[in-house]
Amino acid sequence: MSTTGATADPLAALGALPGVAESVESVRKAVDRVYGHRIMRRRSSEITSEAALRGARGSAALSGADWALEEVRRRTDFSGDDEARAVGAALRLTAEAGQLLSVWRQSPLRVLARLHLVAAAAGADQVGRPRQEGEPVDEPLVGLPLPDAEEMHGRLDGLAGLVMAGGSAPALVTAAVVHGELLALRPFTSHNGLVARAAARIVLINSGLDPKSVCPAEVGHAELGRAAYLTALDGYVSATPEGMAAWIAHCGRAVELGARESTAVCEALQRGAA
């Protein structure tokens with residue numbers, strides 16, 4: 001997405017695209033259903049914890065580590081192969097996201113750097129900062145053309161400016177743009193997908209749409225499948241109105257499915273308490 005258009009609030013302009021308002025309203029209704037559940041009034045912390053686990057599992061699945069939920073729940077050591085490390089990184093990011101909410105609007109680039117540091121869990125020179133010219137990117141599941149470092153830095157600064165400026169755009173639109181732009185730019189040498197999804201989660205929490213983080217969009221993205229995820233991302237990268245609207249709608253559907261997942265958890269807890 002170009003963040004330098006003539007529109008004073010380009011994110012709000014995206015909210016006016018055909019079909020986006022309907023997606024925003026559908027998401028709001030799905031989120032309201034979870035928050036209105038009687039279990040949420042008494043056991044919201046349990047729902048939040050379970051949503052975090054399921055969201056991390058979904059994000060890892062999109063990065064190639066499609067483990068069963070019970071395997072993620074059971075494991076304590078994530079230092080083995082690439083899949084184990086991806087699951088461990090997703091779990092760490094989910095835990096870290098909640099610690100960065102107050103920083104996001106003031107310094108989104110600082111938050112993104114911290115997320116990458118947490119995901120990589122290593123002390124290499126490339127960790128915790130945007131990539132420099134000539135540095136390779138390890139993101140094999142995203143096959144889009146890679147912007148060069150100069151373009152990436154410019155667009156990343158533009159994205160940060162939009163976040164700090166705020167504006168009237170719905171939370172879903174802002175989260176979708178942050179998510180899509182980070183996947184398109186791949187600003188770090190690794191773990192960009194995990195970081196992008198964690199950043200989108202921060203937007204949804206910080207905006208007040210999902211303040212208790214009980215509607216994990218990562219669950220929905222995983223349920224919709226990696227192929228659909230990448231196809232929708234192609235629409236975002238195209239920067240056409242139709243493509244952008246399709247990406248936002250895809251992200252909205254993912255939030256709805258995450259909300260449905262937590263509603264099912266609420267129902268299971270209610271049955272157990274009956």
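Guide: Arg54 and Glu50 are four residues apart in helix α3 (residues 38-62), about one helical turn from each other; helices here are DSSP runs of H or I with at least four residues, numbered from the N terminus. Their side chains meet in a salt bridge, with 2.7 Å from N to O. The term salt bridge is used for a side-chain nitrogen of Lys or Arg within 4 Å of a carboxyl oxygen of Asp or Glu. Glu50 has a relative accessible area of 14% and is buried (buried is under 20% relative accessible area, exposed over 50%, partly exposed in between, with a 1.4 Å probe and protein chains only).

This is a predicted model, in which local features need pLDDT of at least 70 and side-chain atom pairs count only at pLDDT 80 or more, while totals for chains, interfaces and linings use all residues. Residues are numbered from 1 along each chain as its sequence is written, and side-chain values use heavy atoms, with hydrogens and water left out.

Glu50 and Arg54 also belong to a network of salt bridges that links them with Glu70, Arg73 and Glu261. Over the whole structure, the search finds 18 salt bridges. Side chains of opposite charge can pair when their charged atoms come close.

Another pair sits in helix α4 (residues 69-74), where Arg74 and Glu71 are three residues apart, again about one helical turn. The closest N and O atoms of this salt bridge are 2.9 Å apart. Arg74 is exposed, at 55% relative accessible area, whereas Glu71 is partly exposed at 23%.

The structure holds three aromatic pairs, counted when ring centres of Phe, Tyr or Trp (its six-membered ring) lie within 6.5 Å, with planes under 30 degrees apart called stacked, over 60 edge-to-face and the rest tilted. The ring centres of Tyr229 and Trp247 are 6.0 Å apart and the planes stand at 50°, so the pair is tilted. Tyr229 is in helix α12 (residues 226-238) and Trp247 in helix α13 (residues 241-273), so the pair ties together parts that are 18 residues apart in sequence. Tyr229 and Trp247 are both buried.

Key
Helices (H or I, at least four residues) and strands (E, at least two) are DSSP runs, numbered from the N terminus.
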